[in-house]
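Hi,

Could you take a look at the structure below when you have a moment?

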Amino acid sequence: MLNLLLTRLRSSRPDHRQRWDGVGEVPDGSQAHRRRWLPRRLALAALPLLAAAAVAGCGSSADGGGVETTASKPSRGGTIQYGHLQEPPCLINTWVQTGYLSRQFLDGLVSVDGKGKFYPWLATSWKVSKDGKTYTFELKPNVKFTDGTPFDAKAVKANFDAWLDAKRWTYNMYVGYHVANVLDEVKVTGPLEVEIKLKEPHDLLSVLSQYAFGIISPKTLAGSQANGCEKPVGTGGFIVEKWNRGKDVVLKRNPDYNSAPGNAKHQGPAYVDGVVWKFLKDDTLRYGSLRTGESDVIYEVPGASWADAKKRYAILQHVTGGVPVRLALETQNGPFKDVRVRKAFGYASDRRKAVETVFRGAAPYNGNGALSAGSPEHVEALEHAYDHDPAKAAELLDEAGWTQKNQDGIRVKDGKPLTIRIVYSPGNNVTNDDVQVLQIIQDQAKQVGFDVQLKPVTQAGLWAGEHHGPGEWDAEPWYWVARTAEILHVIWAPASEFGGTPNGNNPGGYEDPKTWALIEEADRTVDVKKRTALYQQAQRRIVETDALVLGLRPLTVNLAVGPKLRDVWLSPAIGEPVFTDAYFAK
Amino acid sequence: MSTASPSFDEAPAGTGGPRRGAVAWAHLRSVPVGVLLSSVVLLLFLVAALVPSLLETHDPFATDLAASLQSPSGSHLFGTDQSGRDVFSRVVHGTGQSLLIGLGSTGVALVIGLVLGIAAGLGGRWTDAGVSRFIDVLFAFPTLFLALLLVAIFGPGITTTIVAVGVGTSPGYARMVRGQFLAVRDAGYVEAARAVGHPPSRIVRQHIFPNAIRPLVAIFTLGVGQSIAFASGLAYLGLGVAPPAPEWGALLDAGRQYVTEAWWLELMPGAAIVLFALAVTVVGRHVQERLEGNVKVRIP
Amino acid sequence: MSTTVDTFTVAETAAPRGRRRLAGRVGRRLVGAIGVLFAAATVTFFLQALMPGDRARLIINQSNGSLTNPTEAERAAVAERYHLDDSLLSQYAHYIGGLVRGDLGVSYFQHEKVTSIIGAQIGSTIVLTLVALVLAWIIALTVTVLAAGRDNVWSKLASGFQIVSASIPQYWVGTIFLVVFSIQLGIFPVESGSGIDGLILPAITLALPVAGFLGQVSQDEFSRLLHQPFVTSSRTRGSSDLSVRVRHVLRHAALPGVTLSGWALGFLFSGAVIVETVFARPGIGSVLVTAATARDIPLVTGVVIVSAAVYVVANLLVDLAYTVIDPRLKDQ
């Protein structure tokens, strides 16, 4: 909504050549332009006031815009104290938590808003060939990496080469999963022009708007891993000054910043002097530091403090798309080999009420286990696919042959009890609140005759495959952050796509050729409506027909903003916090 | 107490009954109030550990989403948690596991300590030197770190916690046992027994062992409280027993983020730990006092 | 290192004659200390080797932040870089060789030398630990001097306090302190930082159990000493009760406690793991937890060696301090 207002205001001004129909042009960052921009800034600053009234009624708006109450002129200066939770092992990798941080110093090629409209960023314009297989990007001129290297087509190619080379430390598995099978070649066709050729049509723009595609300086890429992890260089609004391990990352303002995305609130360098991105792992402490003012804004408000936070602070919430936190069911071994038992487990517990009670609003329920409500192709009806129905669960279990019960009330078949082992890693793929939900599921499923056992593993244990051998687990929670249903091919691609190695992103192991055919076709479809319909059919097969996943909640980005800070917003791609437009109110 | 053996307050043989009762009452009255209270508390904890259903007011695992996060009241003595489970019943039910961990790990530590300490205290110079070095190596590992390491290898769980905390706290006991045995070995009555010609095995059995072990009773009791605190530390770091087990440490870990909103989640299990440790120590020290005549409490 | 924890220390350690004996003693201690360190490193190494699961896969997944099935080529590349497929003995030799040179290896996940990671973080923990030790001593001795040997309500309370504080879970009391004094009352900052005021709450939390133990030991010793002849003679000379306690008894009562300080340091290091997490203080405690759960072997073993070294050095100093404090040992 805010962007629509911006659009109208901007297009009415004669000295800017701008057509915001997806193939737009952004004023370059030259000095002349900057001087002309200055008076406009005041006008732009008044926008929040206009937008506030409009936005106020919408609650958390689709493009993740900030909640503004009073307008103030953006003032220069101040350092944002930001309290984050997870600390990454390296400042450049594929973890979404790292992605939030790298968004501060890296820019992407294209940006996107909550409606799916793409905006220029480091790419000022693009053309797609009729067959949908060739994308030609015009890159923004006069942009420099903060180490002095110029940003150009060669830099973009260097990035792609680095991401897809398994032998280098820069190897980016996220990029690999999304495009490796579909990418044909990346060609430099001019100093500021790049051509990306695909083997088949694919929603490349959406993929490129995601966090792992931030453009890194070729010097960093060519350098050592130690250096790249500690002090990576990009073109972004902030520069990594120092990483104090276990404590914080100190970011300072990039005074020459001229490559803000098209849907940013302003172009040009950040208003603040810098951001201290702190790692406050303890929930009580993190929220406490906001209460005492030691932090200006914090991430991940604990569920316990959600009500209090809503009363005191402005809350930004983004429901991330992609795969929500859901239970993936093991289909190759154990009781879940039978689809009826899988469905029964879905009906056996009231996951909706559990999530709502425990999270208290910090995260909504997402019953559609295949896709988060944050993605545009989400099928709403699947939210009720397995609403709590113990009678139905009992019926299905009887049908599947689990008719006898032992003295603890657990169903038995052929002498074996109906044991379901849920393997999870607290603090890693689930939060403490998620663990509460699992315990509720455990208790409720017992009424129907399931013996649910919870098996926590440490982070290292999880990634070393502990308790994950065949026959050792029956369900596990997982999520995968992405913008759209394009993520489905990453999760459900069969082993044949990987030369026979089972797809690690589909731990349950079920391969439905009909579903894959739908997904493959959807990926290739250029027409958005047709594509959406195909993805929706795929979701229905995954959830209703095959009952492969049980939804819990989407990954949400919650920011609580203190009273002094304004204009923090969450990028609609995957909810990354953006601070280049933020400023301290006087 | 059999009627056959004479009691020191001489009553004419054959007149037991009320006199014995009066003796018992006199003994009881001489016990300080604090110790009596602690004994009652301990008894309650024991009942909670062995037959929790006697004390529980609700099913500790039954979730009730409508009753989420209620403060302490008549129907829920300690309030309820996020899933609506009764906290009092959970604390009671968790007693068994927590006590098992505390007693178990202190037991493991004591066994290791005894083995090492006796070897060092009673063995020759070289054995003493070797074992002492080994004890020093164990000491060089901060207890929680050693426990962390073992838990990381074998995974979280009740057995691992017991072994981990036990091994981690054992060097202190080993040193103490060694010291005791060294001292007793050279004591007067042992020399006397040796002079009389008793075989070494008999000397060890009758004189050295009982006298050396006796002072350790209070250490053991103090150690139980400390072990429970260590185990709950592991649970706090996310390496404790698997839910929904209401082990006290796990309850403390789960209740942390609710300290301001639902203080009862954090306060009650912590109070249980402290109360138990207090009671067990008071009783332990009293027992030692009676056995020894004075109390010398040493640190694990 | 033959410091023991009970009162038999005095009888059992040999009393050296003069300075040459002292030098010899120190020398022997030093050799013993190195032996202990070596043994500790070996034990740690072999313990870590027992861990189940595929380490190469773990490293790959950690770097990517997701659970994946790496291809054989990817796995082999990582295994080669970290010598994961070498035989256990050759890995061990490699490790010990590095230790001797002062090279503790490179962290699996931080891609930095272990020595520099530890060097950056250890200062904070040492400061915290020392302050906590001092605080523990102050608390313990104050309570002891005022309450030992008396039979009133205060001494019972003092005993109770010492017992309670010895078994209080540190993160429990730490969280309560954090919420009450930092968040609600705002007296201390929530985030520890580098200032003095950020140090107080963590230090007190860390000090409490140690204060409890030290207090109990000192108290028992103090009570015992109050009946010694030299105290009675002081009193008959007209010294006040307090001055007798402070000037004469304290020094002797502190002896077992001094021995304990060596042990206390190990205990405090252990507690620092928890306290640093509660108060979000950087230090080797939090480095250790992350490294242990992530199975970052070079970093874990590095932290162990360094903390063992600190402990050994501390005990060495305590041994020497003991000879200074107890005149019976110094000159015979």
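What follows is a short tour, from the contacts between chains down to a few local details.

First, some housekeeping. This is a predicted model, in which local features need pLDDT of at least 70 and side-chain atom pairs count only at pLDDT 80 or more, while totals for chains, interfaces and linings use all residues. Residues are numbered from 1 along each chain as its sequence is written, and chains are lettered from A and ligands numbered from 1 in the order in which they are written.

**Where the chains meet**

Let me begin with chains B and C. Here 45 residues of chain B are in contact with 47 residues of chain C; two residues are in contact if their C-beta atoms, placed from the backbone, lie within 7 Å. On the chain B side, two or more residues each come from helices H4 (125-140), H5 (143-154), H6 (158-185), H9 (216-236) and H11 (263-292). Helices (H or I, at least four residues) and strands (E, at least two) are DSSP runs, numbered from the N terminus. By class, that side of chain B has 27 nonpolar, eleven polar and seven charged residues. For these classes, Ala, Val, Leu, Ile, Met, Phe, Trp, Tyr, Cys and Pro count as nonpolar, Asp, Glu, Lys and Arg as charged, and the others, Gly among them, as polar.

Chain C also touches chain A, with 43 residues of chain C in contact with 38 residues of chain A. The elements of chain C that give two or more residues to this side include helix H3 (55-64), helix H6 (114-147) and helix H11 (241-278). H3(C) gives the largest share, six residues. This side of chain C divides into 18 nonpolar, 19 polar and six charged residues.

**Chain C on its own**

Chain C has 14 helices and zero strands. Of its 332 residues, 50% count as buried. A residue is buried if 20 or more other C-beta atoms lie within 10 Å of its own, exposed if 12 or fewer, and partly exposed in between, with C-beta atoms placed from the backbone. Among contacts in chain C between residues at least 6 apart in sequence, 72% join residues at least 24 apart.

One residue to look up is C:Ala203, in helix H9 (residues 197-225) of chain C. C:Ala203 is buried, with 24 other C-beta atoms within 10 Å. Leaving aside neighbours within four places in sequence, C:Ala203 is in contact with C:Leu128, C:Val131, C:Ala132 and C:Leu135. C:Ala203 and C:Ala272 lie 69 residues apart in sequence, and their C-alpha atoms are 9.2 Å apart in space.

**Helices in chain B**

Helix H10 (residues 248-255) of chain B has eight of its eight residues buried, so it is largely enclosed by the rest of the structure. Among the buried residues of H10(B) are B:Trp248, B:Leu251 and B:Asp253.

The axes of H4(B) and H6(B) come within 8 Å and cross at roughly 145°. Axes are lines fitted to C-alpha atoms, for helices over the stretch in contact, and angles run from 0 to 180 degrees between N-to-C directions. The contact is made by B:Ile135, B:Leu138 and B:Phe139 of H4(B) and B:Ser170, B:Pro171, B:Ala174 and B:Arg175 of H6(B). By class, this contact has five nonpolar, one polar and one charged residues.

**Strands and helices in chain A**

Strand S4 (residues 123-128) and strand S5 (residues 134-139) of chain A run antiparallel and are joined by five bridges; strands pair if DSSP finds at least two bridges between them. A:Trp126 stands opposite A:Phe137 in S5(A). The hairpin of S4(A) and S5(A) has five residues between the strands, and A:Gly132 there takes a positive phi near 75°.

Further along, three strands of chain A form an open sheet in the order S14-S15-S16, with antiparallel pairing. Strand S14 (404-405) and strand S16 (416-417) of chain A stand at the edges with a single partner strand each, so one side of each is left without a neighbour in the sheet. S14(A) pairs with strand S15 (residues 411-413) of chain A over two bridges, and A:Lys405 stands opposite A:Arg411 in S15(A).

Lastly, helices H17 (residues 513-524) and H18 (residues 528-545) of chain A pack at an angle of about 160°, with their axes 8 Å apart.

Best wishes
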